[in-house]
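Me: I would like to learn how to read aromatic rings in a protein model. Please take me through one case.

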Amino acid sequence: MTTTNKTEFTDTLRRDVSLFGVSLGPHELSQLTAYYELLLHWNPRLHLVAPCSPAEFARRHVLESLLVLPYLKSGARVVDVGSGAGLPIIPCLLARPDISATLI
């Protein structure tokens, strides 16, 4: 992944997060960027998500996944069926370490 892609992804998260009604601190931004890098590494082999720009991935996949967070009470346990690339639950787990999940 290029530095430009990583920067575009992170900048989009920072800029657009408030539009989705959630907040992300520096640690969460770092974790979500690491998730994005890992997904980009494996996506050519496993075809986990359709190719898209870093900004689109940040908004469409990560930030839209976080829309569920206000509905998860503290310490919630979640089952994500058919998660594939881990969407939507992995971004939620990275943003809210108090929740736990089983991915099927």
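Predicted model: local features only at pLDDT ≥ 70, side-chain atom pairs only at ≥ 80, totals over all residues.

Reply: Residues are numbered from 1 along each chain as its sequence is written, and side-chain values use heavy atoms, with hydrogens and water left out.

Me: How many aromatic pairs does a search of the whole structure find?

Reply: Rings of Phe, Tyr and Trp (its six-membered ring) pair if their centres lie within 6.5 Å; planes under 30 degrees apart count as stacked, over 60 as edge-to-face and the rest as tilted. Here the search finds 3 pairs. In one of them, the ring centres of Phe9 and Phe57 are 6.1 Å apart and the planes are at 45 degrees, so this pair is tilted. Phe9 is in helix 1 (residues 3-16) and Phe57 in helix 3 (residues 54-65), 48 residues apart. Helices are DSSP runs (H or I, at least four residues), numbered from the N terminus.

Me: Is Phe57 buried or exposed?

Reply: Buried means under 20% relative accessible area, exposed over 50%, and partly exposed in between (1.4 Å probe, protein chains only). Phe57 is buried, at 2%, and Phe9 is buried, at 0%. Tyr36 and Phe57 also form a tilted pair, 5.1 Å centre to centre with 40 degrees between the planes. Ring pairs link Phe9, Tyr36 and Phe57 into a cluster.

Me: What lies over the face of Trp42?

Reply: A charge sits over a ring if NZ of Lys or CZ of Arg is within 6 Å of the ring centre and within 35 degrees of the ring normal. Arg45 lies over the face of Trp42, at 5.1 Å from the ring centre. Trp42 is in helix 2 (residues 26-46) and is partly exposed, at 36%.

Technical notes. Helix = DSSP H or I, 4+ residues; strand = E, 2+ residues; numbered from the N terminus.
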